[in-house]
Every structure is written in structure tokens, then in C-alpha cells.
Amino acid sequence: MEPVMAIAIGLLYSAAIFLMLRRSIVKLVIGLMLLTNAANLLIFTSAGMTRGAPPLIPEGMLAPEGVVADPLPQAVVLTAIVIAFGVLAFAVVLIRRAYEIVKADDLDKMKDTDT
Amino acid sequence: MRPEVALPVLLPLLSGAISLLFWRSRLMQRFTAVAGNLALLVISLWLFTSVYQDGYVTIQMGGWAAPYGITLVADMLSAVMIVLTALIGLVLSIYSLASTGPDHEKFGFYPLMHLLLAGVAGAFLTGDIFNLYVWFEVMLVASFALLILGGEKAQMEGAIKYVTLNLLASVIFLTAIGLLYGMVGTLNMADIALRLKEAEHQGMVEVLAVMFMVAFGIKAAAFPLFFWLPASYHTPPVAVSALFAGLLTKVGVYSLFRVFTLMFDQTMDYTQDLLIWGAALTMVTGVLGAAAQYEFRRILSFHIVSQIGYMILGLALYTPLAIAGGVFAVMHNIVVKTNLFLISGITRRLQGTYQLKKMGGLYKERPWLAVAFFLSAFSLAGIPPLSGFFAKFVIVRAGIEAEAYVVTGIALAVGLMTLYSMVKIWNEVFWKALPEDNLVPEPKSVVGDDGRMVAPSLWLMSMPVGVLAAMSLLIGVFAEPLMVIMTVIGDQLMNPQGYIDAVLGSNVDVIEALIEASAAEEESP
């Protein structure tokens with residue numbers, strides 16, 4: 001399973017970077033979305049994938065039996081998803097406002113503050 | 001149980017919640033801002049005295065012992081940074097009483113400021129690498145909203161660059177955390193430090209070190225990824241600019257110091273050169289960028305970049321003295337840079353513009369403002385006996401002791417260029433006569449933006465400036481006791497075992513035994 005995931009994650013990263021290098025601000029935000037998803041999948045995969053073994057300790061025992069899934073990366077990914085969701089919601093509103101004010105979907109027209 | 005470690009994070013969150021409750025009452029929000037930040041300063045001094053006595057103070061959140069729970073830990077570096085955060089918070093909340101107009105206050109300036117301070121304090125105190133990411137995001141979300149407060153065209157354009165590059169840095173940071181967890185199976189920084197030393201693939205550790213360097217380098221605005229800073233910092237209201245200039249990039253610098261002294265000290269053979277030349281190029285590009293500018297806040301923004309170079313150079317030389325100098329530079333820079341931005345706000349209020357060409361004659365008109373600017377600007381350039389001199393002196397001396405002559409020479413030359421930019425501002429704003437074509441908006445100098453008389457509001461804006469200018473002078477005059485504290489920081493950072501023992505407590509032996517057992521298991525499968 002891991003090699004398939006690794007290839008998928010690599011594709012997501014490269015697609016995200018390709019989109020972010022475009023001039024359109026909409027593509028920029030889509031690129032950011034893909035990038036955060038790629039990072040989340042990477043955490044999920046790099047911590048090891050264990051199928052069908054929830055980390056529950058049976059009654060009367062002090063440790064779970066056999067190999068169980070690691071709950072920590074799942075908690076981490078959940079937190080990261082929520083944060084990315086909030087930040088991207090902000091980014092979407094930002095590009096909408098920027099489009100209303102600058103009246104262009106082109107990063108090259110937004111360089112007044114650079115000079 | 002040491003509540004003073006958690007309180008600097010909880011208190012700004014509480015003040016933020018209170019000012020959200022009084023969403024419609026400007027008066028209550030203003031009162032909460034000043035009172036809350038005053039309380040924060042008191043608590044941060046409490047934390048500082050605790051750390052001064054005990055060396056390290058920790059608290060295990062929720063009672064879960066490290067490395068399983070999240071540990072908040074304050075060493076001397078964290079304590080000093082928290083005190084400075086609280087100081088800047090208090091100074092800015094007083095300044096914004098006069099400078100921030102009702103149209104900004106109405107859209108949540110004060111709650112966002114509290115949230116930002118909570119994020120900054122959390123980042124300084126946490127002992128958990130993922131928790132550090134979370135605090136970074138808390139800080140970033142608050143800063144995003146503050147940056148576009150007011151919604152002008154330039155703010156939107158600046159914000160797109162700021163948001164994109166900071167999100168990119170966050171994702172690189174998150175990716176590095178994911179890979180790191182895959183390698184060591186823990187998120188506690190002290191535990192990571194122990195396990196990385198035994199790690200099988202030291203090449204992978206170097207890759208991770210560079211990923212953290214890039215992520216924090218973007219956030220600290222180091223070369224070559226600093227472009228977002230001069231594109232955005234001059235666009236928001238001046239109180240927001242000053243808050244960002246004082247604190248945000250320094251969180252990136254703090255993280256570099258923490259991560260590279262604690263977790264990646266074994267990769268220093270490889271990363272030291274990258275850090276040194278990154279620092280040198282940061283200094284040079286920042287100061288050259290500033291030389292070309294004629295807008296008050298843009299010059300200052302480029303100088304933030306340049307000064308970040310000195311701090312990173314302190315880390316890169318990697319001796320206790322150099323680290324002490326680097327932290328001294330952080331401390332000096334937080335005070336001085338915030339003050340320069342605050343002064344630019346006052347001159348804007350007096351003359352209605354940030355363009356240097358259109359300003360002038362303020363030395364005659366406001367001699368005390370000129371004195372405050374003189375102290376801050378020449379401190380930034382490193383003129384004795386002001387605070388910047390000692391920061392630069394210690395770093396240069398550490399550079400010569402480490403026999404890094406080229407980069408030390410660059411640091412000195414950049415100091416000269418800084419002086420050039422500061423003299424330029426001095427000449428244009430204070431020394432030359434007011435140009436004839438600048439019709440100083442007469443009503444503006446009598447009545448403020450919000451329609452109130454300017455005399456009390458100007459007094460409110462000048463008080464923080466005076467306090468910070470005096471602090472710059474005092475840091476210079478009483479450099480000796482401060483240098484003692486900085487030396488403690490240098491020793492603590494260069495000997496991370498103390499930090500590890502403080503965080504893990506009695507578990508440290510257990511973890512070391514576990515690491516040895518797993519290493520033995522791998523050898524004989």
C-alpha cells in the first residue's frame with residue numbers, strides 16, 4: 001500500500017506546485033488546497049499504515065494485543081485538516097475581495113506593492 | 001504544577017474572549033486591551049523570575065507525563081521572548097488607542113491582537129513540535145485578518161503574497177513533521193532530540209534539518225525567501241505593521257534557534273555553511289533593498305530582513321558567545337524596530353504621508369520626536385552606547401573568535417549601509433525644510449482621523465515611543481547584566497541535555513533504555 005500512496009502523494013505535490021506557479025489567483029488557491037492535502041496524506045502514510053486494528057485496550061489488560069494502528073498521526077492529521085480548512089476559507093475570501101478590487105485574475109497585475 | 005508557564009498563553013486568549021463579548025463596545029475593548037496586556041507583562045515577569053531561579057520551568061498539560069502529553073517549557077530564551085512579547089503588546093495597545101481608527105476597531109482589531117499574542121506566546125513556550133505548528137497557525141490566521149483590516153487595494157495585493165508564502169512555509173513545516181514522526185515516532189522535541197542521535201539514516205536527518213531551515217527561513221524572512229515581507233508590511237494600519245515588525249519574524253528566528261540547537265546539533269557540519277551564507281546574503285540583500293526605497297515603512301521593512309541576517313548569523317556561528325549575541329540582537333531589534341514603525345505612524349499623522357520626499361522640518365517642529373528617532377535609528381545602525389552596538393559587538397567578536405572573517409566583514413559593512421539608510425530618513429524627515437508643495441493637511445494636525453482633538457491622542461502615541469527609545473538607551477547602558485542573561489541562554493542552548501532532562505523528568509532514563517533496547521533488537525533480528 002505504501003508505494004501507491006507515495007506515488008499519489010508525489011503527484012499531488014507536483015500538481016500543487018505546478019498550479020501555484022501559474023499567474024491566475026484561482027489556480028494559486030487550488031494549488032494551495034492540493035498542497036495541504038498532500039502534506040496530510042504524507043503524515044498519514046509516513047507514520048505507517050495498519051489496517052483494521054483500532055488502538056483499543058481490552059478490558060482487564062494494560063496494553064493492546066498485537067499490532068495496532070498508531071492513533072497519534074490520525075489526531076495530527078485531523079488537526080491539520082481543520083487548520084487548513086480555516087486558512088483556505090480565508091484565502092478564498094481574500095482572492096474574491098482582491099478580484100473585486102483589482103478587477104483581474106492575474107498575479108502580474110498585482111505588483112504595485114513590490115515597487 | 002507551575003501555572004506561570006501556561007498563563008502567558010491563556011491570558012491573551014481570555015482577553016481576546018472578553019473583548020469578543022464586548023464586540024459593540026469600543027470602550028470595553030480598549031480597556032481590556034490595556035488591562036489584559038498589563039496583566040500579561042506582570043505574569044511574564046513572574047515567569048522570568050521563576051526561570052531565573054530554577055533554570056527551566058515546565059508544566060505537563062492535562063497531567064499526561066512527557067513524552068506522551070504536550071509539555072509547555074520555559075528556558076531562559078523562552079522567558080526573555082515572553083517578556084518582550086508582553087512589553088510590545090502593552091506598548092502597542094496604548095499606541096493603538098490613539099492611532100487605530102474606529103473603522104478598524106469595529107472589525108475586531110483588539111480581539112485579533114490578543115489572538116496573535118496568544119499564538120506568539122504559545123510558539124515560544126511549547127515543547128512539542130506539532131504544537132509549535134498549531135501556534136504558528138494561530139498566529140498566522142490572526143495576522144492574515146489584521147493585515148487586510150481596512151481592505152484597501154494595496155493591502156489585498158500584499159496579503160496575497162503574504163498568505164501564499166506563509167502557507168507554503170507551513171506546508172513545508174508540516175511535511176517535515178510528518179517525515180520526522182515517521183522516523184522517530186514521537187512529537188516531543190526533547191524526546192526527538194534523544195532519538196535523532198541514535199537514528200539509523202543520518203542523511204535523512206540532514207534532509208529534515210534543511211526542510212525545517214527552509215520552513216522557518218520563510219517565516220523569518222531570510223534570504224532567498226523574504227519577498228513577502230517588503231511587499232506586505234507597509235500596507236496595513238501602522239499599529240499592525242509595528243506589531244508584525246516586532247514579533248512575527250522573530251518567532252521564525254526563535255524556532256530556528258530552538259530546532260537547530262536542540263534537535264539538529266549533529267547535522268551542524270552540513271547545515272552550518274548554509275546558515276552562515278544564508279545569513280550573510282540576508283543581511284546584504286535587505287540593506288541594499290532599503291537603499292533604493294523612499295517610503296518610510298518600506299525602508300524599515302527591508303531593514304527587518306537585513307537584521308534577521310544578524311540573528312541567524314549568531315545561530316550559524318554556533319558558539320555560546322555567538323548565540324548570546326544573536327539573542328541580544330533579537331531583543332534589541334524587537335524594541336527598536338517596533339519603535340521605528342511607531343515613529344513612522346506619528347510622522348504620518350503630522351505630515352499626512354509616508355513618502356520621504358514630501359516630508360521635512362520635523363526637527364524644528366517636534367524636537368523630542370527627533371530625539372526618539374535618533375536614538376532608535378542609530379541604535380539600529382549599531383552606534384555606541386545604544387543597544388544595537390552591543391548586539392553587533394558580541395556577534396562580530398564571536399565571528400572573529402570562530403575565524404569566520406569574511407562574514408564578519410560583511411556584517412560590519414552592512415552596519416555602515418544601515419547607517420546610510422537611517423541618515424537618509426533623518427535628513428529627509430527631520431533635517432531638511434518642509435517642501436513647499438506639501439500642503440500639510442491643516443485639519444489633520446489639529447484633529448485626528450477619528451475626529452478627536454489631536455493633542456491628547458498625540459500624547460498617547462508619543463508615550464510608547466518615549467518608553468521604547470529610553471529602553472534602547474538603557475539596554476545599551478546596562479548591557480552588562482543583560483549580557484549575563486544572554487550568556488545563560490547561550491549556555492543553555494549549547495547544552496540541550498538540561499532542557500531534555502527538564503522536559504522528560506524521570507522518564508529520561510526509561511526512554512534511553514528503550515532506545516538502546518530497540519537498537520539492540522535491530523542488530524540481532
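**Notes on the two-chain model**

1. Let me start with a helix pair in chain B. The crossing of α13(B) and α17(B) is left-handed. Their axes come within 10 Å and cross at roughly 35 degrees, with α13 covering residues 296-317 of chain B and α17 covering residues 387-401. Please keep in mind throughout that this is a predicted model.

2. Which residues make the contact between α13(B) and α17(B)? From α13(B) come B:Y310, B:L313, B:G314 and B:L317, while α17(B) brings B:A391, B:K392, B:I395, B:A398 and B:G399. By class, the residues of this contact split into 6 nonpolar, 2 polar and 1 charged.

3. The loops on either side of α17(B) are worth a look too. The loop between α16 (367-381) and α17 of chain B holds B:P385, and the peptide bond from B:P384 to B:P385 is cis, with omega near 5 degrees. In the loop between α17 and α18 (405-431) of chain B you will find B:E403. This residue is not a glycine, yet has a positive phi of about 60 degrees.

4. Is B:E403 buried or exposed? Since a residue counts as exposed when 12 or fewer other C-beta atoms lie within 10 Å of its own, B:E403 is exposed, because it has 7 such atoms within 10 Å.

5. A cis peptide bond joins B:F223 and B:P224, and its omega is about 0 degrees. The loop between α9 and α10 of chain B also contains B:A221, a residue other than glycine whose phi is positive, about 65 degrees.

6. How many other C-beta atoms lie within 10 Å of B:A221? There are 28. The cut-off for a buried residue is 20 or more, so B:A221 is buried.

7. Turning to the nonpolar core: the largest one has 235 residues, and of these B:V80 and B:I312 touch the most other members. If you set aside neighbours within four places in sequence, B:V80 is in contact with B:V327, B:M331, B:I485 and B:I489.

8. Now for where the two chains meet. The contact takes 28 residues from chain A and 27 residues from chain B. On the chain B side, α6 (129-147), α7 (153-184) and α10 (228-232) each supply at least two residues. The most comes from α7(B), with 17 residues. Sorted by class, the side of chain B that touches chain A has 16 nonpolar, 8 polar and 3 charged residues.

9. A word on annotation, starting with chain A. An unreviewed UniProt entry places the feature "transmembrane region" at residues 6-21, 28-52 and 72-95 of chain A. In the model, residues 6-21 of chain A are 94% helix and 0% strand, and the end C-alpha atoms lie 23 Å apart. Residues 72-95 of chain A are 100% helix and 0% strand, with end C-alpha atoms 34 Å apart.

10. For chain B, UniProt (again an unreviewed entry) gives "domain: NADH:quinone oxidoreductase/Mrp antiporter transmembrane" at residues 128-413. Over residues 128-413 of chain B, the model is 80% helix and 0% strand, and the end C-alpha atoms are 39 Å apart.

Conventions. Residues numbered from 1 in each chain as written. Chains lettered and ligands numbered in written order. Predicted model: local features only at pLDDT ≥ 70, side-chain atom pairs only at ≥ 80, totals over all residues. Contact = placed C-beta atoms within 7 Å. Helix = DSSP H or I, 4+ residues; strand = E, 2+ residues; numbered from the N terminus. Nonpolar A, V, L, I, M, F, W, Y, C, P; charged D, E, K, R; others polar. UniProt positions renumbered as here; feature names shortened; annotations may be inferred. Axes fitted to C-alpha atoms, helices over the stretch in contact; angles between N-to-C directions. Left-handed = near helix turned anticlockwise from the far one by under 90°. Core = buried A, V, L, I, M, F, W, Y, C linked by C-beta atoms within 7 Å.
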